[in-house]
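Have a look at the sequence and the structure, and then we'll walk through it together.

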Amino acid sequence: MPAVAAERVAEVFVEVADTLVDGFDLVEFLYRLTERATELSSATATGMLLADVSGRLNFMAASDERTHLLEVFQIQADEGPCRDCFTTGEPVIENDLASATARWPGFAPLATEAGFRSVHAFPLRLRGEVIGALGVFSAGTDDVDPALNRVMQALADVATIALLHERALQRAEILTEQLHGALNSRIVIEQAKGVVAYLYNVSVDEAFLLLRTYVRDRNLRLTEVARTIALNPASAPDLNRAGAANSTADSGSDSPA
Amino acid sequence: MDVHLRRLARIRALIADEPELPPLPGGANGAAGSRRSAGVGHFGGAPGSLERLCRAAARALTASGVGLSVMTGEGMHGVVAASDATSALVEELQFTVGEGPCVEAVASGRPVLASDLDQMVTQWPAYAPAARECGMRAVFAFPLQIGALRIGAMDIYSNRRGALSVAALNEAFAFAEIALLTVLDGQDQAPAGEAAAVLQDGLSARAELHQAQGLLSAHLRVDLAEAMIQLRAYAFSHDRPLLDVARDVVGRKLDLTPDGPDSDDDHGSANLTLDDR
């Protein structure tokens, strides 16, 4: 397992801290976090779930949201490593998902089918309070470098501080407000996927890639662009690199992972 | 999901059990004129069920009162319903001064949970003192929304400071969902005592439903509200689970194009054809 350059780790932490400042957008923050976690651990995909006031886990964001992977993340609200991690407050490791059907009869087959072989789930916790879980999935079976586990947990800890930070300073209700706002932002993104899928005559998965590439290239906010598109499909920006609408050609250098 | 659906069913029963009362004076409830002037096209007709919803919510949450308002993109508004005259007054207040929990909830797309109005004076310098004058000490606003579709908010008022309990919060979110569905399904137009024949379900949190909503909105060139109305109407009239219909729409197996020049403007009147492909 390749060691991650210390400089890159530092960069990621600074970046994460930076997003906490002005106009904090929770969904945006969580997307960024899952992408960075995947990158740092050379994993295949990372998903994040957060708990609401009734203790129910909600899927918030993932580094890869293709439809067949989405289910693997969503089912963990009820069963799976993230769920266990959330209830125990301890990291959960499974290096052979194919043989974990006794442990997670619903989740394990889904995860295996999706191509994952191992998972590391890290709790988002601070002083005994667990607010969610970060699940890092790999298609390979290499044992993860223990040093990497510490980095991942530190990343989860930074996220927890970020999420609880506002709450500590202001009203306790902030977390509920934030969470429900973020859940609604997710819906905006799904609506936008549908619009783009129609306009460009592509699958919703491809539509999401188009959207993500577009916002990343221009350093825009995914939730804002999604909202504009969902509200007014007729005035959607041109998301296609080639510049022509309804093109089904690959957008050149930016091929999906 | 089961727990949630059962909660919704229980709340619908509570609302149905609320007695009809004469409309409030001043036109807060039942003044179709004020809503027409607000330009909120979908939301005309008798508001009886929304008023009953407000009263049922006030009862269930042991709140001082509940108000419901709608807003369009242009910022036009109307107080659609309230549990009592004072709540109607405080609800209207937000539009008069242009600030308040409902205004903020709709603008931000988040619930606004102000458990102590005294702490909100900086944020709402006009609204907070005025609401206090009316006896309110806490206000909890829940946007009526599905993603980018945001039609208004439900406000819960209390004459005592203090946060809503977890149980009350869950109930409030469920009431808000039903308020939204009531408006979308046109149940606010149903005659008193008659539940309109529509889906008795909730707004699923499944991605496919909202993807279908977006796709349909772009395809039919209608707004998100109309797209959801069409999906639900189709599911109901063809007796199919909403999620299945949504999946077919996303998978391009279902083409919900309205029938030519004969289709009228009522909900669900579009002739929906099943594409064989």
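Let's start with A:Arg103, which counts as partly exposed because its relative accessibility is 42%. On that scale buried means under 20% relative accessible area, exposed means over 50%, and partly exposed is in between, with a 1.4 Å probe and protein chains only. A:Arg103 makes a salt bridge with A:Glu94, and their closest N and O atoms are 2.9 Å apart. By salt bridge I mean a side-chain nitrogen of Lys or Arg within 4 Å of a carboxyl oxygen of Asp or Glu. A:Glu94, at 14% relative accessibility, counts as buried.

Quick housekeeping before I go on: this is a predicted model, so local features need pLDDT of at least 70 and side-chain atom pairs count only at pLDDT 80 or more, while totals for chains, interfaces and linings use all residues. Residues are numbered from 1 along each chain as its sequence is written, chains are lettered from A and ligands numbered from 1 in the order in which they are written, and side-chain values use heavy atoms, with hydrogens and water left out.

Back to salt bridges: over all chains the count is 21. In chain B, B:Glu18 forms one with B:Arg59, the closest N and O atoms being 2.6 Å apart. That pair links distant parts of the chain: B:Glu18 is in the loop between α1 (2-17) and α2 (32-37), B:Arg59 is in helix α3 (residues 48-60), and they are 41 residues apart. Helices here are DSSP runs of H or I with at least four residues, strands are runs of E with at least two, and both are numbered from the N terminus. B:Glu18 is buried at 7% relative accessibility, whereas B:Arg59 is exposed at 56%.

Then there's B:Glu51 with B:Arg55, where the closest N and O atoms are 2.7 Å apart. Both sit in helix α3 of chain B, four residues apart, about one turn of the helix. Are B:Glu51 and B:Arg55 buried or exposed? Both are buried. And in chain A, salt bridges that share partners join A:Glu65, A:Arg186, A:Glu190 and A:Lys193 into one network.

Now the aromatics. How many aromatic pairs does the structure hold over all chains? Eight. Rings of Phe, Tyr and Trp (its six-membered ring) pair if their centres lie within 6.5 Å; planes under 30 degrees apart are stacked, over 60 edge-to-face, and the rest tilted. A:Phe59 and A:Phe73 are stacked, 5.7 Å centre to centre with 5° between the planes. A:Phe59 is in strand β2 (residues 57-62) of chain A and A:Phe73 in helix α3 of chain A, 14 residues apart. A:Phe59 is buried at 8%, and A:Phe73 is buried at 0%. A:Phe73 also pairs edge-to-face with A:Phe137, at 5.6 Å and 80°. A:Phe137 lies in strand β5 (residues 129-138) of chain A, so that pair ties together parts 64 residues apart in sequence.

Last stop, the interface. Counting contact as heavy atoms within 4.5 Å, 29 residues of chain A touch 33 residues of chain B.
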